[in-house]
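I opened the structure to look up a few residues, the salt bridges and the contact between the domains. My notes follow in the order I made them.

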Amino acid sequence: MLAGMHLLLSGIVGSVAYGLARPGSDVDRIGVFAAPTVAFHGLHPPRESVVTTDPDVTLHEAAKYARLGLSGNPTATELMWLPDDCYETRTEFGERLIAIRSAFLSAPRVRDAYLGYASRQFRKLESRGDGSFSADTRRRTAKHARHLARLVHQGRLLYATGVLEIRLADPEWFRAFGERVAGGELDEARALLAEAELDFDRIRTPLPDRPDEAAVERWLLDVRAAHLPPELRPR
């Protein structure tokens, strides 16, 4: 899957990382890889992302990952904040990425990303109708509701403290919320989202207005230098 590429950082994300997994839950993985630097100058540049579904793995090339992280993308961001036991690959460049994780953060992008993703989950819930659906659809609806609540919680905490909580302190609350919404309590999800929007307006965030792109750029340029052929590397 990564012939000629170099995996820099990877780990288990999703329900396992959040503490929401149950028997039979999917195990989702995400990672960052570096392509050989000279490959970008040929006729066929390397792929920016590699995605498989069996198993569920998403790998982003370093530059693509950096852009996602700077945009506030929640899934990309959480790779840099995982509990230690969720990491499966940690190289020197992976450790450096974790060390500069706060450089990716900015108040407007965190707000827009987390509220935006939560709003998309809510629209999926609204499309489910009045709650009179199959058991399989109900399970999917509960999952969307859990995602909405988790995104609201994580985004609000990140916006307020500058720290992203991955492993949820009270996973049972999120499970119960999902079941209530799947049972027809859509107004509870609507109220949670509306309350989050008000909270983002009230919170005095420590996050800067813009991310520290210079720090991210230094990391990326060092990745590129390290993945040149030996005879071309800076001495």
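I started with arginine 224, which is buried at a relative accessible area of 15%. I use buried for under 20% relative accessible area, exposed for over 50% and partly exposed for in between, with a 1.4 Å probe and protein chains only. This is a predicted model, where local features need pLDDT of at least 70, side-chain atom pairs count only at pLDDT 80 or more, and totals for chains, interfaces and linings use all residues. Residues are numbered from 1 along each chain as its sequence is written, and side-chain values use heavy atoms, with hydrogens and water left out.

Arginine 224 sits in helix α9 (residues 213-226). Helices here are DSSP runs of H or I with at least four residues, strands are runs of E with at least two, and both are numbered from the N terminus. I found a polar contact between the side chains of arginine 224 and glutamate 61, at 2.9 Å. A polar contact is a pair of N or O atoms within 3.5 Å; within protein, one must be able to donate a hydrogen and the other to accept it, and residues adjacent in sequence count only if both atoms are side-chain atoms. Beyond its neighbours within four places in sequence, arginine 224 is in contact (heavy atoms within 4.5 Å) with residues including Thr37, Phe40 and Glu61.

I then turned to threonine 37, in the loop between β2 (28-34) and β3 (49-53). Threonine 37 counts as buried because its relative accessibility is 10%. Leaving aside neighbours within four places, its contacts are Val223, Arg224, His227 and Leu228.

Next, the salt bridges. I take one as a side-chain nitrogen of Lys or Arg within 4 Å of a carboxyl oxygen of Asp or Glu. The count by this rule is 15. Arginine 96 and aspartate 222 form one, with 2.7 Å from N to O. Arginine 96 is in helix α4 (residues 92-99) and aspartate 222 in helix α9, so this pair ties together parts 126 residues apart in sequence. Both ends are partly exposed: arginine 96 at 31% and aspartate 222 at 32%.

Which residue forms a salt bridge with arginine 156? I found aspartate 199, the closest N and O atoms being 2.6 Å apart. Aspartate 199 lies in helix α8 (residues 186-202) and arginine 156 in helix α6 (residues 135-161), 43 residues apart. Aspartate 199 is buried at 13%. Its side chain also meets that of arginine 202 in a salt bridge of 2.4 Å, N to O. Arginine 202 is exposed at 56%.

Last, the domains. The assignment, automatic or from a database, gives domain 1 (6-104 + 211-232) and domain 2 (107-202). Their C-alpha centres lie 25 Å apart. Domain 1 gives 21 residues to the contact and domain 2 gives 16. The buried area, meaning the accessible area (1.4 Å probe) that two parts lose on being put together, summed over both, is about 1,700 Å². Carbon and sulfur atoms give 57% of this area.

I noted one salt bridge between the domains. Aspartate 85 and arginine 167 meet in a salt bridge at 3.3 Å, N to O. Aspartate 85 is in the loop between α3 and β5 (87-90) and is exposed at 58%.
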